[in-house]
Amino acid sequence: MVELTALTPCNGILPIQTGETTLSEVDPGRITALMPFKGQSADLTTALQAAHGLRFPEPGQTTVAEGASCVWTARGQAFLMGPAPDDSLARFASVTDQSDAWTVVLLAGLDAEDVLARLVPIDLRLSAFPEGAAARTLCQHMTVHISRRAEGLQLMAFRSMARTLAHDIGEAMASVAGRRAAG
């Protein structure tokens, strides 16, 4: 009998460190899409608070608790990341496991914002995109979700795009590091 081994989306691709910036894979735990039923947003927030210690995020925001986060991903949708969702959430929202569908990476270091400035059409400077902010945007031709964490900028892309995401960010990292070295 053949034994299969589960591999992460960026297995053998990451980490990449160039200059003062590092791109690394993040293990987000379980990723669960939450989409509140009509008129149930407040009840979902109450249930999330009771079960996981966080609320359903406002658009463009992330909520964080010990071992869990809830990231806004689209109108009326957020991803609970970390724990398995409590069964009580299903009374107020559609609850869908997305764990195998996404790759999650962290871009951290001195040049992280400059690297992504070459790839995404939104302003990710700390003054415009503070800790806790979240956005759905493009990175080159890929749809990504970006959130600012204390550790850096977290990006989520479809699992099938992991190699392309790492390549594009790696190329931008090398370009920014080259400019910095040239003075």
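Tutor: Rings of Phe, Tyr and Trp (its six-membered ring) count as an aromatic pair if their centres lie within 6.5 Å; planes under 30 degrees apart are stacked, over 60 edge-to-face, and the rest tilted. This is a predicted model, in which local features need pLDDT of at least 70 and side-chain atom pairs count only at pLDDT 80 or more, while totals for chains, interfaces and linings use all residues. Residues are numbered from 1 along each chain as its sequence is written, and side-chain values use heavy atoms, with hydrogens and water left out.

Student: How many aromatic pairs are there by this rule?

Tutor: The count comes to two. F79 and W102 form an edge-to-face pair, at 5.4 Å centre to centre with 65 degrees between the planes.

Student: Where in the chain do F79 and W102 sit?

Tutor: F79 is in strand β6 (residues 77-82) and W102 in strand β8 (residues 102-109), 23 residues apart. Strands (E, at least two residues) and helices (H or I, at least four) are DSSP runs numbered from the N terminus.

Student: Which residues form the aromatic cluster?

Tutor: F79, W102 and F158 form one cluster.

Student: Are F79 and W102 buried or exposed?

Tutor: Both F79 and W102 are buried, where buried means under 20% relative accessible area, exposed over 50% and partly exposed in between (1.4 Å probe, protein chains only).

Student: Turning to β11, why is this strand largely enclosed?

Tutor: Six of the seven residues of β11 (residues 152-158) are buried, so the rest of the structure largely encloses this strand.

Student: Which residue stands opposite L155 in β11?

Tutor: V105 does. β8 and β11 pair in the antiparallel sense over six bridges; pairing requires that DSSP finds at least two bridges between two strands.
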